[in-house]
Amino acid sequence: MLGVLGGMGPLATADFYEKLIAQTPAVRDQEHVPVVIYAVPQVPDRTAALLHGGASPLPALLAGLRTLTTAGARTIAIPCNTAHAWYDELAAASPVPILHIADAAADAAVRIAGPGARLALVATSGTLAAGIYPRRFAARGFACATPTDPEMRDLVMPGIARVKAGAVAEGGQLLERAVGALLERGAGAVVLGCTEVPVALDRIDSPLRAKCVDATAALAGACVAWWDRARRLRPAGPGLDKPPRTA
């Protein structure tokens with residue numbers, strides 16, 4: 001069973017689950033990935049914790065992790081980019097593997113832009129400050145450009161805030177401008193490193209999506225690949241046998 005540590009925010013978690021379903025090669029209900037979703041939006045704000053000394057989300061994340069593993073999850077996905085700033089602490093505390101969203105996005109970027117391409121990243125200020133993506137990308141030979149400070153102030157963060165407030169199309173218009181600026185500066189592909197961004201661009205049917213790596217979709221694809229490997233290796237028989245812990 002896959003465990004989803006979600007609620008950050010609710011729309012992003014719903015978007016992840018929809019993409020997980022869409023990428024699963026199932027022809028009947030019983031062939032879909034078994035999933036338990038923990039969606040508690042009261043987790044403290046991740047960006048505020050990273051940049052402004054706000055309450056740490058780690059205790060709440062650990063509580064969610066315990067709930068998922070107690071429920072039977074054998075691998076964890078976190079459809080929130082900024083929460084990966086606490087990935088090391090969560091992985092150390094987890095009895096099961098946790099898939100990393102930046103690793104999944106990097107693998108998808110190779111397919112879109114080719115090995116060694118110059119990538120760009122649209123993400124929250126907290127994700128950028130934590131260096132979640134650049135370290136993982138550098139290990140795969142990718143350079144990583146980011147929006148300018150004015151673009152973060154005027155386009156990215158206001159766009160994300162509008163999506164969280166329910167003004168998804170309005171947020172998409174702002175975020176599309178940020179993506180366009182990065183492509184104009186020579187990015188081979190733009191990684192959408194905030195789970196609200198692909199939701200917003202899809203809402204406005206942005207033509208720039210073809211040059212974007214949807215980190216949410218990439219994580220969903222990694223989960224489907226894990227499930228496929230796990231069910232091939234588990235013993236045959238009725239019920240939900242526990243798949244191996246290999247991620």
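The structure is a predicted model, in which local features need pLDDT of at least 70 and side-chain atom pairs count only at pLDDT 80 or more, while totals for chains, interfaces and linings use all residues. Residues are numbered from 1 along each chain as its sequence is written, and side-chain values use heavy atoms, with hydrogens and water left out. The chain has 11 helices and seven strands, where helices (H or I, at least four residues) and strands (E, at least two) are DSSP runs numbered from the N terminus.

**Overall build**

- The radius of gyration of the chain is 18 Å, close to the 18 Å that the globule rule gives for 247 residues, so the chain is as compact as a globular protein of that length; this radius is taken over C-alpha atoms, and the rule is 2.2 Å times the number of residues to the power 0.38.
- Taken along the principal axes, the box that the C-alpha atoms fill is roughly 55 × 40 × 35 Å.
- Of the 247 residues in the chain, 51% are buried, where buried means under 20% relative accessible area, exposed means over 50%, and partly exposed lies in between (1.4 Å probe, protein chains only).
- Among contacts (heavy atoms within 4.5 Å), those between residues 24 or more positions apart make up 71% of the contacts with a separation of 6 or more.
- The accessible surface of the chain comes to about 10,700 Å², and carbon and sulfur atoms hold 54% of this surface; such areas come from the Shrake-Rupley method with a 1.4 Å probe, and for residues only the protein chains shown count as cover.

**Nonpolar cores**

- A nonpolar core is a set of buried Ala, Val, Leu, Ile, Met, Phe, Trp, Tyr and Cys residues joined through side-chain atoms within 4.5 Å.
- In soluble globular proteins, nonpolar side chains tend to be buried together.
- The largest nonpolar core has 34 residues, of which Leu2, Tyr133 and Val191 touch the most other members.
- The elements that give two or more residues to this core include β1, α1, α5 (101-113) and β4 (118-122), and α11 gives the most, with nine residues.
- Leaving aside residues up to four places away in sequence, Tyr133 touches Asn81, Ile101, Ala102, Ala105, Leu121, Thr127, Val191, Gly193 and Ala215.
- A second, separate core of 24 residues includes Ala145, Val156, Leu182 and Ala200.

- Val156 is found in helix α8 (residues 149-164) and is buried, with a relative accessible area of 0%.
- Not counting residues up to four places away in sequence, Val156 touches Val122, Ala123, Pro147, Glu151, Leu175 and Ala178.
- Gly172 lies in helix α9 (residues 168-184) and counts as buried at 0% relative accessibility, and its touching residues, not counting those up to four places away in sequence, are Ala200, Leu201 and Ile204.
- Although Gly172 and Val197 are 25 residues apart along the chain, their C-alpha atoms are separated by 7.2 Å.
- Ala169 also has its place in helix α9, but Ala169 counts as partly exposed at 32% relative accessibility; Ala169 touches Arg203 and Ile204, again not counting residues up to four places away in sequence.
- Helix α10 is mostly covered, with six of its eight residues buried, and these are Glu196, Val197, Pro198, Val199, Ala200 and Leu201.

**Backbone features and an exposed residue**

- Most residues other than glycine have a negative phi, and most peptide bonds are trans.
- The peptide bond from Met8 to Gly9 is cis, with omega near -10°, and Gly9 lies in the loop between β1 (2-6) and α1 (10-23).
- Asp205 has a positive phi, near 50°, in a residue other than glycine; Asp205 lies in the loop between α10 (196-203) and β7 (212-214) and is exposed, with a relative accessible area of 65%.
- Pro59, in helix α3 (residues 58-70), is exposed, with a relative accessible area of 55%, and the C-alpha atoms of Pro59 and Val43, which are 16 residues apart in sequence, are 8.8 Å apart in space.
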